[in-house]
Amino acid sequence: MWQKAFEKYRDRGFTVVGIALDVEGAAAAKPYYEKHGVTFPALVDPNYATGFGVVPLTFFVDEHGVVRKLAGWEERLKPAEKLRPVTDEIRGQWTEPGSRLSAAAIAELAARHEADPTDLAASVELASRYADLGLIAEARAVLEPAVNRHDAKTVARGEDAERARLLGQAYLQLARASEGNRDRQVECATLAFYLHPTVGFGKQIARIISPEKFDLPDGSFDNRFREGTLARLKKERAAWLAE
């Protein structure tokens with residue numbers, strides 16, 4: 001649907017920006033986009049930093065940069081003679097491809113982390129960049145102390161939703177950095193869901209538990225297995241919190 005809309009209205013200033021939530025990064029998301037012939041800008045959020053609790057989720061942003069209700073979006077395009085190029089202005093503020101993993105960018109983030117090791121956001125972001133570069137040991141060295149500073153259940157029961165989300169991200173990244181130790185991967189991924197029970201996190205846990213059900217030749221995955229995993233995790237989470 002959105003690919004067709006992009007092709008129909010792109011010459012009038014309309015664009016579509018897709019964001020895939022996948023801890024495995026672009027390598028896991030790219031086959032899906034290619035399968036569906038997507039040509040509009042497509043991003044990947046491996047840290048779930050967007051905070052979307054329910055996916056898929058669609059927003060319509062008008063020519064003034066204001067988020068509107070999605071219903072009737074096409075009608076709101078028709079009267080406009082020329083749309084303000086808001087998307088181009090936003091693109092100008094994005095980090096250039098590759099600069100996220102530049103030595104300077106990582107050194108700056110590492111200095112921030114060293115100055116305040118309790119900064120969960122910095123820990124997660126730094127570990128994510130290390131993992132993207134294949135520096136798995138370095139990623140673990142950042143994440144292990146970060147998660148050990150917190151009692152996961154206390155954080156999950158608390159009222160600080162942002163801290164719970166960040167700690168969940170830290171555990172999810174730690175699962176990613178624990179490749180080769182499947183028990184540890186499942187343990188960390190499960191805690192990630194307990195802290196931040198979203199569909200996206202549930203998908204990643206299901207992938208860790210049974211990788212053969214994901215990355216199928218046609219680019220899909222076993223949705224019934226994912227749904228069953230989510231249902232089980234929700235029950236287990238409720239019991240875990242009640243203990």
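This is a predicted model: local features need pLDDT of at least 70, side-chain atom pairs count only at pLDDT 80 or more; totals for chains, interfaces and linings use all residues.
Residues are numbered from 1 along each chain as its sequence is written. Local features need pLDDT of at least 70 and side-chain atom pairs count only at pLDDT 80 or more, whereas totals for chains, interfaces and linings use all residues, and side-chain values use heavy atoms, with hydrogens and water left out.

A search of the whole structure finds 10 salt bridges (a side-chain nitrogen of Lys or Arg within 4 Å of a carboxyl oxygen of Asp or Glu). Among them is the pair K8 and E74, whose closest N and O atoms are 3.4 Å apart. Because K8 belongs to helix 1 (residues 2–9) and E74 to helix 3 (residues 73–77), this pair ties together parts that are 66 residues apart in sequence (helices being DSSP runs of H or I with at least four residues, and strands runs of E with at least two, numbered from the N terminus). K8 is exposed at 55% relative accessibility, while E74 is partly exposed at 28% (buried means under 20% relative accessible area, exposed over 50%, and partly exposed in between, with a 1.4 Å probe and protein chains only).

Within helix 12 (residues 223–242), E236 and R232 lie 4 residues apart, about one turn of the helix, and their side chains meet in a salt bridge of 3.0 Å, N to O. In helix 10 (residues 182–195), R184 and E187 are 3 residues apart, with a closest N to O distance of 3.2 Å in their salt bridge; E144, R184 and E187 are linked in a network.
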